[in-house]
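This briefing is intended for a reader who is meeting the structure for the first time. It covers aromatic pairs and nonpolar cores.

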Amino acid sequence: MRSDIAPPAAAPEALWVEGELVRSLMRTARTTQVAAFLLIPVYLGVLWTDTDVAALMVWAGIALAVALLRLALIRHYTHRLPHASAAEHLAFFARARHVWTLSAGAWGASTWLYFDSAPLADQFICWLIMAGLAMFSINSMSAHLATMRAYLNTLALTALAVMGWRIVVELQLRGPFYHFWLIALLLVFWYALRQAGLRLHQTHRRNFELQYRNNQLIDSLTRQTQAALDAVEVKNRFLASAAHDIRQPVHALGLYADWLAGEPELVHDIAPKIVESTKAVNALFDSLFDLVRLDSGKVRLNIDQVPLDKLLRDLELQYRPLAEAKGLRLRMHVAPGSVVSDPILLQRIVGNLISNAIKYTERGGVLVAVRGGAAGRRIEVWDTGVGIAPAHQREVFREFYKVPSHGGTEDGFGLGLNIVARLSHILGHPLVLASRPGRGTLFRLMLRPTDARLAAERAARAVSQLARRP
């Protein structure tokens with residue numbers, strides 16, 4: 001049975017177990033309280049003619065007041081704390097537990113009413129009631145060892161104090177010898193109850209410790225099972241996406257090769273198409289390998305000064321033919337200067353942004369610019385493409401996400417922007433997206449200097465989080 005106090009994951013084991021022990025005691029408290037109310041009139045009936053009525057009524061009033069106080073605490077607990085945290089249960093019981101000790105003191109003091117003053121038959125009944133209360137406390141209070149011991153100690157010591165006063169002070173040791181045997185019996189009974197209560201408490205504690213650990217094991221197995229199912233789902237989704245994306249350029253390559261074999265004189269027309277299909281396959285595999293390196297933690301950082309003018313000239317040489325093939329204008333606004341970063345990863349980030357801009361732009365062009373400002377240098381990639389609706393602007397950085405109805409989404413895995421976001425996070429270059437559907441998109445990469453140690457920590461943390469991801 002799982003607890004209502006708090007899930008095992010929400011509290012340390014010792015605190016959770018202590019809270020459960022308090023709950024166990026409070027579950028039985030109402031039954032024991034009913035018994036206490038019923039025993040008061042029994043005492044009154046047995047001792048009514050055997051002792052001073054005024055003293056009997058004073059004791060009954062005290063016992064009833066303590067019983068009512070316990071009942072009020074139990075009602076407060078029942079209505080306010082059944083689903084509270086373990087710490088709240090312990091705080092409540094630290095304040096309330098002394099009422100149980102007061103109850104034991106009241107019942108122990110009742111010995112004054114009958115010991116060596118009532119007939120032996122009535123004394124026997126009263127002693128039997130006291131023994132029943134003591135044994136009943138073992139079952140009802142053993143869940144909380146300190147409370148049980150306080151109750152037994154108070155009950156026994158109060159009775160012994162009354163008996164000792166009467167034997168030593170009032171009778172001056174001239175009473176019946178069986179008084180001493182009665183004291184010895186009470187001491188043995190007290191010790192036996194303490195030992196029995198200790199063993200029962202240890203049983204309670206072990207049960208709750210096992211329950212805590214079983215719940216932890218169940219939670220862990222549930223998380224691992226879900227993680228395994230999610231991993232299978234991601235793998236299946238990835239393989240389906242990969243098969244779909246790679247099939248088209250590979251199929252095109254086969255068609256062009258058959259066409260060229262049948263009409264070799266068309267080599268000048270077909271060869272460029274074969275080259276483009278090959279580039280598409282290479283781009284797909286590049287994004288796949290980037291993802292694998294990120295997920296496996298094999299990204300190697302080489303932090304150095306990166307000349308921004310050289311970075312943009314290299315990217316222009318790489319992507320200008322791709323832009324011109326679509327009839328687009330690729331402009332570079334180059335400014336001198338450098339930034340502390342990883343040259344290969346930074347080129348991969350900006351290259352992916354440029355490739356993405358060209359892919360989703362049909363008319364106009366793409367502008368790549370290095371700008372400065374109070375916040376430092378930044379690289380901006382502008383395009384006049386289809387744009388991204390606000391509802392999709394956060395999602396485009398997720399793995400395998402493709403904006404519905406965007407032309408060009410059939411040509412990739414949906415990994416480009418995910419890789420950009422993860423690499424920019426590792427390097428400490430914040431990435432900002434602004435876009436208007438039908439008007440174009442802006443990606444702004446803030447070139448804050450990369451700290452090699454922090455970048456390595458972020459890379460390791462990203463791999464660790466991915467390994468724990470459900």
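Predicted model: local features only at pLDDT ≥ 70, side-chain atom pairs only at ≥ 80, totals over all residues.

Phenylalanine 177 counts as exposed, because its relative accessibility of 56% is over 50%. Its partner in a ring pair is phenylalanine 180, which is partly exposed at a relative accessible area of 35%.

**Aromatic pairs**
- The two rings of phenylalanine 177 and phenylalanine 180 have centres 5.7 Å apart and planes at 45°, so the pair is tilted.
- In total, the structure holds 10 aromatic pairs.
- Tryptophan 16 and tyrosine 212 form a tilted pair, with 5.4 Å from centre to centre and 55° between the planes.
- This pair links distant parts of the chain, as tryptophan 16 lies in helix 1 and tyrosine 212 in helix 8, 196 residues apart.
- Both partners are buried: tryptophan 16 has 0% relative accessibility, and tyrosine 212 has 4%.
- Ring pairs also join Tyr43, Trp59, Trp107, Tyr114 and Trp127 into a cluster.

**A charge over a ring**
- Arginine 166 places its charged end over the ring of tryptophan 112, 4.7 Å from the ring centre.

**Nonpolar cores**
- The largest nonpolar core has 59 residues, of which Met26, Tyr43, Leu47, Trp100 and Trp107 touch the most other members.
- Helix 1 (13-47) contributes the largest share of this core, 13 residues.
- Another core, of 36 residues, lies apart from it and includes Leu328, Val368, Ile379 and Phe443.
- Leaving aside residues up to four places away in sequence, tryptophan 107 touches Ala36, Leu39, Ile40, Tyr43, Trp59, Met130, Leu133 and Leu155.

Note on methods: Residues numbered from 1 in each chain as written. Heavy atoms only, no water. Core = buried A, V, L, I, M, F, W, Y, C linked by side-chain atoms within 4.5 Å. Buried < 20%, exposed > 50% of the residue type's maximum accessible area, 1.4 Å probe, protein only. Helix = DSSP H or I, 4+ residues; strand = E, 2+ residues; numbered from the N terminus. Contact = heavy atoms within 4.5 Å. Phe/Tyr/Trp six-rings, centres within 6.5 Å; stacked < 30°, edge-to-face > 60°. Lys NZ or Arg CZ within 6 Å of the ring centre and 35° of its normal.
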